[in-house]
Amino acid sequence: MAMLEVNNINVYYGAIHAIKDISFCVEQGEIVTLIGANGAGKTTTLQTISGLLRSQTGSIVFEGQNISSTAAHKLVSHGLAQVPEGRRIFLQMTVEENLEMGAFTQPNAGIPQDLEMVFEQFPRLKERRRQVAGTLSGGEQQMLAMGRALMSHPKLLMLDEPSMGLAPILVEQIFEIIRNLNQNGSTILLVEQNAQMALSIAHRGYVLETGKVVTTGSGAELIQSPEIKRAYLGG
Amino acid sequence: MTFLSYLINGLSLGSIYAIIALGYTMVYGIAKMLNFAHGDVIMVGAYICFYAVSAYQLPPPVGILLAMVVCTVLGMVIERLAYKPLRQATSLAVLITAIGVSYFLQNSALLLWSSTTKIFPNFFVIPRGAETSTGFSLFDGQLNISYVTVVTVLACLVIMLALTWFTGNTRMGKAMRACSEDKGAAQLMGINVDTTISVTFAIGSALAAIAGVLLCSAYPTLSPTTGSMPGIKAFTAAVFGGIGSIPGALLGGLLLGVIEILAGAYIGTQLQNAVVFAVLIVVLLVKPAGLLGRQIREKV
Ligand SMILES: Nc1ncnc2c1ncn2[C@@H]1O[C@H](COP(=O)(O)OP(=O)(O)O)[C@@H](O)[C@H]1O
Ligand SMILES: [Mg+2]
């Protein structure tokens, strides 16, 4: 049984049918990527898994448990964490407070140790721990959003366009970190418009078009597919 | 010396506004709604304390505590029954509901306690022989300060410090700040937004009870509409200082109280409120987010 199984979900924004019967799965230890153009429904899918949006049909099963009607805030203790699109860090709180918020469901005793773990991964954050998050650069904010998610010790980490708006060198760095996290045992569901980068680190990928899964395959297969090359990889 | 005495009165009235404004500002910051019924919770608190002390002969501290408990529960019930079902509704629908709740509370008070004005007892006295003293004099009797004034200003300071500490250092306080910035992201952290909003209403309403007792101790007439005007003034103070900001509520409240008293003394009581609101308009023209408010930044 897969760690995460998304079965036939349909999500609407009022009359807009944003997700049309999508199904996919993520196995323990994998990096799975959802790629697709702007508006394909990637963010909506992640928000639905996180419980911030609801599917009208189907089920979302995480580690054998149907979580499709579980309150969003309860999913964190099930082991789900999301780095949302646009980072959505708490701009008026300090770096350290943001990380503490990530550990909201964790016992207090472990927090100093987890902070050290995140600071080791992202030394920039340590230098700026007392700084208000709104003053960080885009790359630092992305690191903070990732560190914040890691504070809850997620079994499945979902990332929504972590490379958005970052300089190429930072994009490389972020993807390197994602790969490292995965090698250290994290299962990852990665949403990207940067299909090239995402497919190069993913075990498997799903291609979304206007709310539907149109193609699936291993990262290597998809990156070679002429169709994908034409539509998403710029040639 | 009279100026000093006006200033002290202004600070005292301003402290009451500040305590009420905190309720408006915290609820606005987290639930993004104007709880127009907040002023009427003050009135309920004052009635509870009045009956506890005058009719049931309970000691004043018990009366105040009882008022706080009742208002806390009332605030949470109002939120749960009237506002929570409207979480996804337009802000206009919520505003109209809040005005409805305000009328509901006033009319309930009218039914329960009648429209007859009650004379609120002054608890803040010190027995001195056969008489009781309500205050003390400085500068050979040129400056009289009542104990209520002192208690009010001190209460405001203590509440301010306590809330600042609470939002800066406790888990719940930080969760509140997180919710006020981004409820979706807060949920992704595992924060229960419903609980957080409920706690915010509870704190705001407990403060309203304290404000009600202090208000009626200083201006001892109590009727079902007692909370309306101070409620509107405190709302003005919250906007003045920057709605959503805790230090803004303090600054806005104090300034408003001082301006109101000074305007009443030097310009005339008829123009008192006009001056208050004129100052508000000027401030909002220059600083649309209020004195200490943050300009809403576009999300990138
Ligand atoms: N809050 C919203 N209200 C209405 N429509 C929305 C909203 N958010 C997204 N949509 C629509 O749903 C579709 C999927 O959007 P989204 O999931 O954000 O796509 P992606 O993340 O792949 O860019 C798009 O057509 C978008 O316009
Ligand atoms: Mg998106």
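Me: What follows helix H1 of chain A, and what is its phi?

Reply: H1(A) is followed by A:Gly51, whose phi is positive, near 85°. Helices here are DSSP runs of H or I with at least four residues, strands are runs of E with at least two, and both are numbered from the N terminus. This is a predicted model, in which local features need pLDDT of at least 70 and side-chain atom pairs count only at pLDDT 80 or more, while totals for chains, interfaces and linings use all residues. Residues are numbered from 1 along each chain as its sequence is written, chains are lettered from A and ligands numbered from 1 in the order in which they are written, and side-chain values use heavy atoms, with hydrogens and water left out.

Me: Why is helix H1 of chain A called largely enclosed?

Reply: A residue is buried when its relative accessible area is under 20%, exposed when it is over 50%, and partly exposed in between (1.4 Å probe, protein chains only). Seven of the eight residues of H1(A), which covers residues 42–49, are buried, so the helix is largely enclosed by the rest of the structure. Among the buried ones are A:Leu46 and A:Ile49.

Me: What makes chain A as compact as a globular protein of its length?

Reply: The secondary structure of chain A comes to ten helices and ten strands. Its radius of gyration is 17 Å, close to the 18 Å that the globule rule gives for 235 residues, so the chain is as compact as a globular protein of that length. The radius is taken over C-alpha atoms, and the rule is 2.2 Å times the number of residues to the power 0.38.

Me: Why does A:Phe90 count as buried?

Reply: A:Phe90 has 0% relative accessibility, and therefore it counts as buried. The residue is placed in the loop between strand E6 (80–83) and helix H3 (95–102) of chain A. Leaving aside neighbours within four places in sequence, A:Phe90 has contacts (heavy atoms within 4.5 Å) with residues including A:Met101, A:Arg148, B:Ala178 and B:Met189.
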